[in-house]
Amino acid sequence: MDSRQRVLQALNHTEPDRVPLDFGGTGVSTICYQAYNELIKYLGLDLEPFDPDDLGAGTWAGVVGPDLAVYDRLHSDVKMVSMGQSDVWELEIQYGDEYDTYVDEWGTTVVRPKGGHYFDYRIFPIKEGTVEAFQTWHNWPDPNNAGRWKNFRADCLEARATGRAITSFSVFGGGIFEQPARVMPMEEFLMGIASDPKFSDLVLGKMFDIYYDATLRMLEEVGDILDVWVYWDDLSGQDSPMISQGWYDKHLKKLHRKLFDKVKSMTDAKIFFHICGAARPWIPSLIDIGVDILNPVQISAAGMDPFELKRDFGDDIVFWGGACNPQGALAFGLPQEVSDEVKRSIDAFAPGGGFVLANVHNIQNLVPPENITAMFDTAYEYGGY
């Protein structure tokens, strides 16, 4: 089997020759710049390190797209293809004595303390969670900007030529629910949706329109060659959902369904939904609206025991992630502890197919490179059927 065949077989709930592996195959299963730079040094690869201030729209989170040599070394069966950057926005970092800042494509000022790893959302174009305040802002990103789509199809075909399954995403920012808290303070957004149904529908509707148009354009470009279409919307924290099922059913579910129905009408690609934390309560709804894949399968969160998830939902959804606890062994343990967790996850999720092993969300800076290597080498060696 080549990598793409292996992934597609697993996505169709059939056991391939071995568990497919994803390192850097999506924008939510890749690695941050410092961890990557330490990893390539540890692996002895003669590659140029990434500059954390030269990552374009990904600079705020510090995430990178790995070199093909690293995909090869860590046995990754999946290749990510990112959209280009809008040609009306340019990364311009302002360096200060205590903080560095820049204004993102949505008009929000992000701030990084000196010596920090990431930029935080701090100064927002919309100050209050009200209909009136939201309607004063008009400088929204254009999903059809030519810069996003320049050479995009050619890039996807080049990725396909590697023999890997290819993924891409039409979200540039957070998802429909997630992005509003990046253009206004999170507490204002949450109070607004709790107190005013009109505000909920107005804000979510605007986000939907932007991402719907981007998705149409993406699938017109590459719907015939894409294997996995990636979407993210964090609806839960570590221990429980952030919103009620009732609010979701009334305001957000219909938008997710409409977007995913359009995806399914334009491509055979599987729908990948990234939801951090305690995702279990949402799985029945995700299955209902057509989601094929759950990511990142945060096994350290409430209700996310691998054996129970596989038992209860394994026939209806693919688990993509779940390799090792990023809040425990991966970051703070020994390589043998990492290996033991990887084996447990494979034992839980792999039977019958329906599993792609990946790190739980993006690997953070300061994670030891020997632990990263142990995670993927163990999966490669232990994951045969």
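Reply: Asp-17 is partly exposed, with a relative accessible area of 37%, where partly exposed covers the range between buried (under 20% relative accessible area) and exposed (over 50%), computed with a 1.4 Å probe on protein chains only. The model is predicted, so local features need pLDDT of at least 70 and side-chain atom pairs count only at pLDDT 80 or more, whereas totals for chains, interfaces and linings use all residues. Residues are numbered from 1 along each chain as its sequence is written, and side-chain values use heavy atoms, with hydrogens and water left out.

Arg-6, by contrast, counts as buried at 5% relative accessibility. The side chains of Arg-6 and Asp-17 meet in a salt bridge with an N to O distance of 2.7 Å. This pair links distant parts of the chain, 11 residues apart, with Arg-6 in helix H1 (3-11) and Asp-17 in the loop between that helix and strand E1 (21-22). Helices (H or I, at least four residues) and strands (E, at least two) are DSSP runs numbered from the N terminus, and a salt bridge is a side-chain nitrogen of Lys or Arg within 4 Å of a carboxyl oxygen of Asp or Glu. Arg-6 and Asp-17 also belong to a network of salt bridges that includes Arg-18 and Asp-77.

Across the whole structure, a search finds 22 salt bridges. One of them joins Asp-53 to Arg-112, with the closest N and O atoms 2.8 Å apart. Here the partners are 59 residues apart, Asp-53 lying in the loop between helix H2 (33-42) and strand E3 (63-64), and Arg-112 in strand E7. Both Asp-53 and Arg-112 are buried.

Strand E7 (residues 109-113) pairs with E8 in the antiparallel sense over 3 bridges, pairing being assigned if DSSP finds at least two bridges between two strands. Within this pairing, Thr-109 has Ile-123 as its bridge partner, and Val-110 stands opposite Tyr-121.

Another salt bridge connects Lys-264 and Asp-292, whose closest N and O atoms are 3.1 Å apart. Lys-264 lies in helix H9 (residues 245-266) and Asp-292 in the loop between helix H10 (283-288) and strand E12 (293-295), so the pair ties together parts that are 28 residues apart in sequence. Lys-264 is partly exposed at 39% relative accessibility, whereas Asp-292 is buried, with a relative accessible area of 17%.
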